[in-house]
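What follows is a walk through one protein model, taken part by part. Keep the sequence and the structure in view while reading.

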Amino acid sequence: MTMTTSTLDPLFGDAHTAYSFGPEPVSDAELADIYDAVKWAPTAMNSSPLRIAFVRSQDAKVDLEPLVAPGNVEKLRSAPVTAILAFDSDWHEHLPALQPFATDPHLAWQDRGKRESMARFNASLQAGYFILGVRAHGLVAGPMGGFDQAGVDRAFFPDGRWRSLLLVNIGHPGPESFKPRMPRLDFEQAAVLL
């Protein structure tokens, strides 16, 4: 089944990165619904290494604010929720449940370097789905890469198991949420048919 333009546009064509947010809260149920949709993103070996910390309390926001780049502080302040998207460096421990047909699949991932490389790549795939999931649930997303990853990991994941990848502000759009759309490359510039 091909999706129509009216279905695709809220996810792609009409969607913009949000730079500020309206005052409406984002509920726990909305966050759970987003996760329940995006957990189906494809990952190698069904590894599913993405982990999410939803920062919404004032105390948690205060802890996060000094760890973001100065240009991202106002974005963080205006968002009702900021998701810290991370990967679980010990994702392999869940493989017996995620691959019930396999015999001890986690034993093949004892090398930490290989495990973290696999986790980072697959959690990054899931992060793209996460942004689409936010949009599909009628909210807007403002992904931010400008932050102190080591500082975020120390403050929010002190046991070292989860490692931050990306921050995504989530909320309802405000009156000045979006900047004008920037151009994109055409198909002929970005793709080749072989």
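A polar contact here is a pair of N or O atoms within 3.5 Å, and within protein one of them must be able to donate a hydrogen and the other to accept it. The model is predicted, and such a contact is found at the start of helix α6, where a side-chain oxygen of D111 comes to within 3.0 Å of the backbone nitrogen of G113. Helix α6 has 25 residues and spans 35 Å from its first C-alpha to its last, close to the 36 Å expected at 1.5 Å a residue. After α6 comes G138, with a positive phi near 80 degrees.

Next, the sheet. Four strands make up an open sheet with the order β1-β2-β4-β3, and their pairing is antiparallel. The edge strands are β1 and β3 (140-144), each of which pairs on one side only. From one strand to the next, the twist averages 30 degrees. Strands of a sheet pair through backbone hydrogen bonds, either parallel or antiparallel. Between β2 and β4 there are eight bridges, in the antiparallel sense. A83 has V168, in β4, as its bridge partner. Helix α7 (residues 149-156) packs on the sheet and touches β1, β2 and β4. The direction of α7 makes about 90 degrees with that of β4.

Which residues touch the most other members of the largest nonpolar core? They are A83, L85, F130, V134, L166, V168 and I170, out of 26 residues in that core. Two or more residues each are given to this core by α2 (28-38), β1 (50-55), β2 (81-88), α6 (112-136) and β4 (162-171). Helix α6 supplies the largest share, seven residues. Apart from this core lies another, of 15 residues, including L76, I84, A86 and V152.

Not counting residues up to four places away in sequence, I170 touches F21, V26, L31, F54, A79, P80, V81, A83, F130, V134, L139 and V140.

N72 is located in the loop between α3 (58-64) and α4 (73-78). Is N72 buried or exposed? N72 counts as buried because its relative accessibility is 8%, and the cut-off for buried is under 20%. Its side chain reaches the backbone oxygen of G146 at 3.1 Å. With neighbours within four places in sequence left aside, N72 is in contact with M144 and G146.

How values were computed:
Residues are numbered from 1 along each chain as its sequence is written. This is a predicted model: local features need pLDDT of at least 70, side-chain atom pairs count only at pLDDT 80 or more; totals for chains, interfaces and linings use all residues. Side-chain values use heavy atoms; hydrogens and water are left out. A nonpolar core is a set of buried Ala, Val, Leu, Ile, Met, Phe, Trp, Tyr and Cys residues joined through side-chain atoms within 4.5 Å. Buried means under 20% relative accessible area, exposed over 50%, partly exposed in between (1.4 Å probe, protein chains only). Contact means heavy atoms within 4.5 Å. Two strands pair if DSSP finds at least two bridges between them. Axes are lines fitted to C-alpha atoms, for helices over the stretch in contact, and angles run from 0 to 180 degrees between N-to-C directions. The expected span of a helix is 1.5 Å times one less than its number of residues.
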